[in-house]
Amino acid sequence: SLHMLSENSCGSVVVYVIPESSTLLNQRIRAFVVHGATVHCAAMFPYIVYIVAALSKRVHMTKGTKERMADSMRAIKSSPGEYSPSFWLVFSVAYSFNFLYLISPYLLGYEITFSLLNPDPKLHSLHCDIQDAIQSYIQPLLNKLAPIANFSILYYAVLGVNPRFDNSVSAYTLSADNLSHVINPVEARLGSNAASSNPVLNFLLYVPGAHHSPLYIRDHSKMKAPSNTFHSPRWGSIMVYNLNEMYGSEAERPVDININMAKVMGVFLAHAAPPGSAGLADRELDRLLWSRSVENIATASTPITSLAQLLDQTGNNVINDSIAQQVGGPDSAVAELEAGNLAFALQYSRVAILASERAFFDPSLLHLLYFPVDQKFAIYIPLFLPMYCKSLIFCL
Amino acid sequence: MLILSSLLLFILLAAARDEFQEELVIRPLHSGDIYASFQFRTLWDTDFLQEGQKVSHYRLFPKSLGQVLSKFSVRELHISFTQGFWRTMQWGQPFIPSPPGAELWVWFHDTVSDVDGNWKELTNVLSGIFCASLNFIDLTNTVQPSASFKPLGLGNATDHRFLRYATLPREIVCTENLTPWKKLLPCGSKAGLAVLMKSEKLFHSSFHSQAVHIRPICQDEQCSSKAWELRQTLNVVFDLHTSGQGKKEWSLFKMFSRTLTEACPLASSSKVYVDITDNPELFELSPATPLLGQAVVLGDRRTYSVYDLIMPTSSMVLSPCALGDMLRPLLHAERYVAGFGLQTGEIHTVIYNNHPYRAFPVLLMDSVPWYLQLYIHTLTVTSKSRDNKPSYIHYQPAKDRHRPHLLEMLIQLPPHSMTEVTVQFERALLKWTEYTPDPNHGFYVGSSVVSALVPSMVAMRTNFTQDQPLFSSFVPVKEESSYFVRVYTEPLLVNLPTPDFSMPYNVICLTCTVVAVGYGSFYNLLTRTFQVDEPSPPLSKRLANLIRRMRGVPLLT
């Protein structure tokens, strides 16, 4: 019977086991790599134990993966009746380097916030077609990375710097040096998610008021930035949307403005996801998962290391057993990384961070034993020192 | 296998779904003070609790509160920070009552499985948002009242397992709490009525209370659509005798040191009401306005001058109706601790019913910390020197270091009477690490809450209209002949038996001294020897001897 080939996650190995008598394969093992990291491998039944060796020439597999694959192959070889149909066996061994479907929204832990800054709501009444923007631009990104997205509109949010008027282009300009001062006052209004500790990527759209219009951003070479956007890695971007010719001076206040979301979203998404087909490539996703896991494990180890150092220095701390149990988090994450389960590794590393922070900030750590060593010295030296001095002098 | 994650995107059209209103009510009080009450209301048509929501859009509703509501499945949230105590007998009833310190009560949704875990995280997140130490709220000061705090919004929940109430009487309110509160407003403090809120003047007052109330409400009579309502209220009572020069005149500039310039452009209505009911002839308002309005609030019909900041020339309702004196508050409560010494004591709660001929029931809720061990068998309720048995008592005893006492009683108050509730208690001795750094200041006991439906002399409006002023629509009015009142008593300050924390130091000093003196004398006795010592020759002889030695001549004796 034919098993339906189901959609695999990338990074999986699909093994087609072919009976010896069939003429489909002209060599014993044939493997080819499709779609970045999915390996399809066809092998004749007696030779399936050699698959692992053949594949490791083509793809990099971690030790754990190789071992498990070898075990499965041996198991299949030894009891073929359990597994093989007469004709085709499509045996999908989804050992993963990464499991895309396991990525829950909180796994990567990103949040994206799109904010519209309107410093002068009396003048401009801004509208943007959010629905359309989400369908066309955000949805594919959400499917890939599944972060959480928020839209918000902030009124009376001003930039922290006063742009200078440049006569040569008869416009206001913000130069690249004072762009770093722009973010601070805005960040106070933006806030981060109060209810979770995920990192946030902010994409701001600033519509300058009438007294600062038009506003251009100049990069380091004094040229106008092409899309009028300023990008700060790991924080987000600010785009300035100029409204020069959209209304005359006699228009009724507040003026209704519709923002062209296509232009805006294009710019933002170019910053959020590197260019390529359908957003983020799978290989990049692997790299992202791997680097995030390693980063998380390093972060998780820091409080625990400092706790251990503290304990060495002042021996009086009382650390409860419950805290000691929580400290084992990073180990399991490292084990998963070695085994090649990136998704599990990331999950465990996030759990490890939470556990280590909880252990570090546990209130029971504040209970020092009442007499630390230096206080003991301070109390007993004036008592016993004169006695010992006299005794010593007497002995001499 | 690639499972396509099913994302339900809940998308809002940008402009049509939220609404913001602001108002300020100024009422001169009989004692010479001025009561100013700000209310900011944001109505938002959305459903936080929809499952799988991945995209949220915030325009007027603050994002931080929206995220908190959705993460913890909160149905109603009421938080207030108050400094000072509201004197009901001198000032009347406030529009929105609040106890001194911080108070937080939350109704969670029925889908929550671990209410205690959600409560703990919620208090910590809110303490971050409001810069207050709400993280001191834990299970030792949280109670679940069974009848006193019914939901103020929609919902017919009767299961009080999803309700949590906590109060921190010791919490101080200052500018650090006002600033994040102002940040939640859509216009911030840049435009509209919030421009008046400057902390130098606001905290230089007899009473200051800021609160946030979030609840789901119906948007129309038939309740075909629901919306979330966020009300931010700020109540201040200025004492103009100390700050004025003795003249009984006041102005916005004198009170707030700012003037109103414009309305918030995002507000659909922005109004200032001035209460001119008492003494309309003696009053002179400038700038004068022909707009007058009447509203029935707290069982009293009062007349207001209305200033509309958005449309300065619009006309509203009609003629004044003179009423004489301030309506004496019909319900009033006090509480104090009696007894002497540091072992036992007695809590007395006195509730006054000032209505001349009507009796009505009140619900008294008391939450006493575990270290005051109540003897409930000594609980007595007396009215007019006769025993008054409560018709409903809900008592949950305390568990040391886990849970406080909760006592709720439904008491029928006879007309024009004073009812006294007394209960004896014993003070516990705490472990020495549980004392605060200033234990001799005392320990606070939170205010008692007296909730009642008080019969009203004036018919209340029960029909729902959109242009009702905000201060009269806070509490839902279910029937015409009574209105809901909540009165908070004073918090108590009790001294617990406190050990002398300087004793370890004293013991060490004494021991060291005794040992030193004792050992020193004993050592001397044992080891001191006496020798005869020649007196040393005078200086001249010594010099002479020195010279003789140099000369090689025999020395003097």
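Across all chains of this predicted model, there are two disulfides. One joins B:Cys187 to B:Cys264, and the other joins B:Cys218 to B:Cys223. Counting bonded cysteines along chain B, the pairing runs 1-4, 2-3.

**Disulfide B:Cys187 to B:Cys264**
- The two sulfur atoms are 1.8 Å apart, and the link is right-handed, with 75° about the S-S bond.
- B:Cys187 sits in the loop between helices H4 (175-183) and H5 (199-202) of chain B, and B:Cys264 in the loop between helix H7 (252-256) and strand S10 (269-275), so the bond ties together parts that are 77 residues apart in sequence.
- B:Cys187 and B:Cys264 are both buried.

**Disulfide B:Cys218 to B:Cys223**
- The S to S distance here is 1.7 Å.
- This disulfide is left-handed, because the torsion about its S-S bond is about -65°.
- B:Cys218 has 16% relative accessibility and counts as buried, whereas B:Cys223, at 31%, counts as partly exposed.

- A:Cys389 is partly exposed, with a relative accessible area of 37%.
- For B:Cys174, the closest cysteine sulfur is that of B:Cys131 at 8.9 Å, which is also too far for a bond.
- B:Cys174 counts as partly exposed because its relative accessibility is 30%.

- In soluble globular proteins, nonpolar side chains tend to be buried together.
- The largest nonpolar core has 162 residues, and the members that touch the most others are A:Ile259, B:Phe108 and B:Leu331.
- A second, separate core holds 21 residues, among them A:Leu117, A:Val182, A:Leu204 and A:Ile217.
- Beyond its neighbours within four places in sequence, A:Ile259 is in contact with residues including A:Leu116, A:Leu126, A:His127, A:Tyr241 and A:Val264.

**Helix H11 of chain A**
- Helix H11 covers residues 342-360, and its 19 residues should span 27 Å at 1.5 Å a residue; the end C-alpha atoms are 26 Å apart, which agrees.
- Buried residues of H11(A) include A:Leu342, A:Leu346, A:Ser349, A:Ile353 and A:Ala359.

**A:Ala42**
- A:Ala42 belongs to strand S3 (residues 38-44) of chain A.
- A:Ala42 has a relative accessible area of 10%, so it is buried.
- A:Asn258 comes 216 residues away along the chain from A:Ala42, and their C-alpha atoms are separated by 57 Å.

Key: Residues are numbered from 1 along each chain as its sequence is written. Chains are lettered from A and ligands numbered from 1 in the order in which they are written. This is a predicted model: local features need pLDDT of at least 70, side-chain atom pairs count only at pLDDT 80 or more; totals for chains, interfaces and linings use all residues. Side-chain values use heavy atoms; hydrogens and water are left out. A nonpolar core is a set of buried Ala, Val, Leu, Ile, Met, Phe, Trp, Tyr and Cys residues joined through side-chain atoms within 4.5 Å. Buried means under 20% relative accessible area, exposed over 50%, partly exposed in between (1.4 Å probe, protein chains only). Contact means heavy atoms within 4.5 Å. Helices (H or I, at least four residues) and strands (E, at least two) are DSSP runs, numbered from the N terminus. The expected span of a helix is 1.5 Å times one less than its number of residues. A disulfide is a pair of cysteine sulfur atoms within 2.5 Å.
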